[in-house]
Amino acid sequence: MSKKYLVTQDQTVDGMVLDGDPVHYAVCSTAAAAAAKTAALSGFKLVTGAWAAIKFTVTNTAANPTLNINGTGAKAVRYRSTAVSAGALAANRIYLMVYDGTYWQIIGDLDTVYTHPTSAGNKHIPSGGAANQILSYSAAGTAKWSSSCNAAAINVITGTCSASSKTVPYQAGRTKALIEAYPNSCTEGKFAYLSVLLTGLSSNMTAREPVSVGAFANSNGLVYDVDSNGNISIAGFYGNYCVTWFN
């Protein structure tokens, strides 16, 4: 058996008078800078639970806007129970609102465009960069491209030591050199590898006297000195060496 309802005069549902087909859609064309927004919606009555779909033709530039539908009273618009800021109501968007007895509450999300956070730990890899560069510290939670490990930022020279000393020419602009020595043979109790870091190097410096470091099998160990032009002499052992110049 079908049900029948008796509709009395001015009976409303969701804030709309039941007279024909109720429409909840309205357009607000109030100037952007005016906080008091108005809209016309035939048959509307302001009651708790009333809702309306409002299209704004211009982006609101006034903070804390109110909405008055059919002269039923200006009520503040809220989003998540918080006052709406300037620019939040965008032009040509339709907002679904429900009246909670005090405020017009916006239903759903205001900002539908994802904005990635920029706080420490959430930042993207910076733009730019080049081959052989790495990311290094710039500030808390922020990285930058660095040439610390750029192949162009170092010079590597290798060679072999025998009876005579080997001269490794100074590399223009470099201030540091890491000398690494690898003997041809190893003996228990003797070094199988030695390294020395030299700093304060330049093409015009005070010469440094020969220094002997460690002892390899069947040799005296690594012996090096630096002349006034920054050239390094390596001697004292039989084997290979590697000198890495950098700043």
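Reply:

**A strand and its neighbours**

Thr66 stands opposite Ala76 in β7. That pair belongs to strand β6 (residues 66-69) and β7, which run antiparallel and are joined by 2 bridges. Strands here are DSSP runs of E with at least two residues, while helices are runs of H or I with at least four residues, and both are numbered from the N terminus. Two strands count as paired if DSSP finds at least two bridges between them.

This is a predicted model, in which local features need pLDDT of at least 70 and side-chain atom pairs count only at pLDDT 80 or more, while totals for chains, interfaces and linings use all residues. Residues are numbered from 1 along each chain as its sequence is written, and side-chain values use heavy atoms, with hydrogens and water left out.

Between β6 and β7 lie 5 residues, and the two strands form a hairpin. In its turn, Asn70 has a positive phi of about 60 degrees.

β7 also pairs with β8 (residues 82-83), again antiparallel and over 2 bridges. Arg78 has Ala83 in β8 as its bridge partner. The hairpin of β7 and β8 has 2 residues between the strands, and Arg80 takes a positive phi near 55 degrees there.

A further partner of β7 is strand β10 (residues 104-106), where the pairing is parallel and again rests on 2 bridges. Here Val77 stands opposite Trp104.

How enclosed is β7, which spans residues 75-79? Of its 5 residues, 4 are buried, so the strand is largely enclosed by the rest of the structure. Buried means under 20% relative accessible area, exposed means over 50%, and partly exposed lies in between, with a 1.4 Å probe and protein chains only.

For the setting, the chain has 0 helices and 20 strands. Of its 247 residues, 31% count as buried. Among contacts between residues at least 6 apart in sequence, 57% join residues at least 24 apart; a contact means heavy atoms within 4.5 Å.

Elsewhere in the chain, an open sheet of 4 strands has the order β13-β20-β15-β16, with antiparallel pairing. Its edge strands, each pairing on one side only, are β13 (155-161) and β16 (194-198). Within that sheet, 8 bridges join β15 (residues 176-183) to β20 (residues 239-246). One of the residues involved is Pro183, whose bridge partner in β20 is Gly239.
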